[in-house]
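Student: Could you help me see where the labels used for a protein model come from? I would like to go through them one at a time.

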Amino acid sequence: MKLADKVVVVTGGGTGMGRATCLLLAQEGAKVLVNYAHSRDEAESVAGEINASGGAAFAYQADVTSQAQAKQMMDAVASRWGRLDVLVNNAGWSTRVPHDRLDDLTDEIWDRTLNTNLRGPFYCVRAAVPLLRRQPGASIVNIASVAAFHASGSSMAYAAAKAGLVTLTRSLARVLAPDIRVNVLCPGFVKTRFAGWPEEAFEKAREVTPLRRLATVEDVAKGVLFLAADAEALTGEAIVIDGGVFQLGRSR
């Protein structure tokens, strides 16, 4: 198994892409801290599924927008397993605000969007670095969005936050090398409950995607596994997972 005896923290691990990532990394032998802020039942269900299948996991509540809570989470994983090999910054938040409705993009939306999608990953990285530096081959995988490049998505604030996360990834990759690799995945439209998109939005996106299929949460999880376990020569890299839309354009 690619991650046998490795220890992983996945933020926002109870639902969607985080859930799929926790399950896949556990299948590859990792011990997993399943972080959540509000989705307690879902996170505990993921941890229970991993434990029931012979793996090792526990759910841990922490608000990643709090440096103190991020530090407490890393202390908890160190206390439980004595090490940390991989940090997956998956926790995110957005709400849909049409880009032309500037007055609807309130200070509250800006603050929550930037705090969760940009400040939170930095806090988690800062708290995790002392543990990660002890493990050869340590890796950080951030989850951004293709909105970082084409400036669309659920809101202008969300696109700006994810663009910031791509740049933060490259800055961190530079300063943490050679001890820790830092890369970022940029999913396109993935069918989850995130941001409350209606069903018809997913169908329209699928129809214009070159591969005629949307990326799934499992596709994203496989990308995380690749960057965490296989991509030993990659750092500072941004990989788009969107069925070809960004590179090839909409097919019609």
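Tutor: Gladly! Start with residue classes: Ala, Val, Leu, Ile, Met, Phe, Trp, Tyr, Cys and Pro count as nonpolar, Asp, Glu, Lys and Arg as charged, and the others, Gly among them, as polar. The model is predicted, so local features need pLDDT of at least 70 and side-chain atom pairs count only at pLDDT 80 or more, while totals for chains, interfaces and linings use all residues. Residues are numbered from 1 along each chain as its sequence is written, and side-chain values use heavy atoms, leaving out hydrogens and water.

Student: How many nonpolar, polar and charged residues are in the lining of the largest cavity?

Tutor: The lining has 4 nonpolar, 5 polar and no charged residues. Thr 11, Val 64, Asn 89, Asn 90, Ala 91, Thr 116, Gly 120, Pro 121 and Cys 124 form that lining, and H4 gives the most to it, with 4 residues.

Student: What makes a space a cavity and not a pocket?

Tutor: On a 1 Å grid over the protein atoms alone, a cavity is a set of points where a 1.4 Å probe fits but cannot get out, whereas a pocket is an open set with protein on both sides within 12 Å along at least five of seven lines; lining residues have an atom within 4 Å of a point. Volume is the space filled by probe spheres set on the points, which are joined across faces, edges and corners. The search of the whole structure finds 1 cavity of 30 Å³ or more, and the largest cavity has about 30 Å³. The second largest pocket has a volume of about 210 Å³.

Student: Why are H4 and H6 called roughly parallel?

Tutor: Helices are DSSP runs of H or I with at least four residues, numbered from the N terminus. Their axes are lines fitted to C-alpha atoms over the stretch in contact, and angles run from 0 to 180 degrees between N-to-C directions. H4 and helix H6 (residues 156-176) pack at about 15°, with axes 8 Å apart. Angles under 35 degrees count as roughly parallel, over 145 as roughly antiparallel, 65 to 115 as roughly perpendicular and the rest as oblique. H4 and H6 are therefore roughly parallel.

Student: What about H3 and H4?

Tutor: Helix H3 (residues 67-81) and helix H4 (residues 107-132) pack at about 30°, with their axes 8 Å apart. That angle makes H3 roughly parallel to H4 too.

Key: Helices (H or I, at least four residues) and strands (E, at least two) are DSSP runs, numbered from the N terminus.
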